[in-house]
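User: I'm new to this one and would like to learn how to read it. Could you show me where to begin?

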Amino acid sequence: MSVSRIRRHAQGVSLLKPFPFGRFEEGECVILENNLERVKSGDCQAMNSNIFTESSPISCLPGSVGSPSGIPNERATRVPADCMETAAALGPITLLQPGKIFFGNGSVATLAAELAARDVRKVLLVTSPGVIKSCSDVLSKLEDAGVCTRVYAEINAEPTVQMFEACLRVAREQPLDGIVGLGGGSPMDVAKLVAALATGTQSVRDVFGINLLHGRRLFLACLPTTSGTGSEVSPNAILLDESCQLKKGVISPHLVPDVACVDPLLTCSVPPAITAATGLDALTHCIEAYANRFAHPTVDLYALQGIRLISQNLLAAIADGRDTTARANLALGSLYGGLCLGPVNTAAVHALAYPLGGEFHIAHGISNAVLLPHVLRFNLPAMPERYAHIAVALGAQSARSPAATAERGIERLDYLMARCPMQRRISEFNVPQEALPRLAKAAMTVTRLLKNNPRTLTEQDALQIYHAAW
Ligand SMILES: NC(=O)c1ccc[n+]([C@@H]2O[C@H](COP(=O)([O-])OP(=O)(O)OC[C@H]3O[C@@H](n4cnc5c(N)ncnc54)[C@H](O)[C@@H]3O)[C@@H](O)[C@H]2O)c1
Ligand SMILES: [Fe+2]
């Protein structure tokens, strides 16, 4: 790391009072007058002609944007090229997480004890018909702990506003201390919204968007049974608004559950096709959070480790649902993906996936998976270094350049998805080619995610991506 005081002129830059060691190279990343820039050839000459040999008296953390000695502006801080985007994002960030996260086989019992300890005695358990059959153990653990549980098991995949409102009516029929969401993202998202809206006067259509929810009075716990959406730790809830056939999100800190309980054993009954779709959703959360305009080191850790865990364990869990090691690793990867969603969130893959779910009811994980490699190819030139890191986390070998390594990452993804029991082309879901312009138009409305995408995406770009995936 070297630090120099430099100033940019019309002709290039000059060092005012140099403290460098080592040479600046063209293309290298520096923090120059508080902006992150790449060294141009003219800059490079000017900097290197002023090199001193002694060490810098100023020490600076890699990627630090701050001014350790209080010297404002006029400084160039060398930044490892692969940290360029991270350094750019070293701004303030807020990490919102549940007050408690229980993780591990058998942790349902810990959750039941927690509810009893908090005097949460009357709960509505919101779940799916397919889940309650395989997770009856959760009910008996709650009952053993003295928690009186009413079950609402009507939340099918990809919930609509209507499904949510039916559940809300049931919640309002009785005095409750809390809501428990049990299942994949569908019942967990409904449970989160019911907990927030059961006691207030806001309607769900009032709160679609960011930070519109006034609060939440009911206790909220979520237990994922897929790996997965990460909804158990995220501030998001997604519903299909039938009035416009669009999937819409409520994003609010009040939707982060009080307690998340990730018991990987609950996922052992997930059939192979759903394991694949949900696993690829979790992988997409991690990839889109790492290659993101708002990527941040506090989230990068989760994102990269999530990519490693999911890519190394997905096929094993598909092949044998009772492989408890693979299930536990996938559950952890999915949790990490969820922890990326609040502070950084996803980008163009999810933005383009929503209209596929909204109009054609393609499951969320599949909608993402069919688009993932195509969006990555489009985005790659904007952040080759970051996509190279992703590639290595996916198990690719490094190549001669970050861009070439990143390409290998996309090949790894193709390899992984080719072994998943799922269709890989949009046309296989009865989506006519004539629908693609309509989908592209709808995708452009998902601005809350498109703004995160590493590369600006126009409606024409979206259309080309849909064609490539069709
Ligand atoms: N809130 C968030 O942060 C967030 C993030 C991503 C996606 N989502 C939303 O979550 C929803 C998708 O959730 P999902 O992908 O988890 O799927 P899901 O909840 O829709 O479940 C898919 C299917 O799997 C079955 N299933 C679930 N667990 C099972 C188990 N243990 N054994 C057997 N069957 C089981 C369900 O019954 C259902 O038929 C979408 O609406 C999506 O938009 C939310
Ligand atoms: Fe997702």
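Analyst: Let's begin with what counts as being around a ligand: a residue is near a molecule if its C-beta atom, placed from the backbone, lies within 6 Å of it. Keep in mind that this is a predicted model. Here, 32 residues surround ligand 1, and the closest are Gly 130, Ala 157, Gly 184, Gly 185 and Ser 186.

User: Which elements give two or more residues to that shell?

Analyst: Helices H4 (129-134), H7 (185-197), H9 (272-290) and H13 (364-379) do, and so does strand E12.

User: How do the shell residues divide into nonpolar, polar and charged?

Analyst: Around ligand 1 there are 20 polar residues, eight nonpolar and four charged.

User: And why does ligand 1 lie between domain 2 and domain 3?

Analyst: Look at who supplies the shell. Domain 2 (106-262) and domain 3 (275-469) both give residues to it, so ligand 1 lies between them.

User: How many helices and strands does the whole protein chain have?

Analyst: The count is 18 helices and 14 strands. Of the 470 residues in the chain, 51% are buried.

Conventions: Residues are numbered from 1 along each chain as its sequence is written. Chains are lettered from A and ligands numbered from 1 in the order in which they are written. This is a predicted model: local features need pLDDT of at least 70, side-chain atom pairs count only at pLDDT 80 or more; totals for chains, interfaces and linings use all residues. Helices (H or I, at least four residues) and strands (E, at least two) are DSSP runs, numbered from the N terminus. Ala, Val, Leu, Ile, Met, Phe, Trp, Tyr, Cys and Pro count as nonpolar, Asp, Glu, Lys and Arg as charged, and the others, Gly among them, as polar. Domain bounds come from an automatic or database domain assignment. A residue is buried if 20 or more other C-beta atoms lie within 10 Å of its own, exposed if 12 or fewer, and partly exposed in between; C-beta atoms are placed from the backbone.
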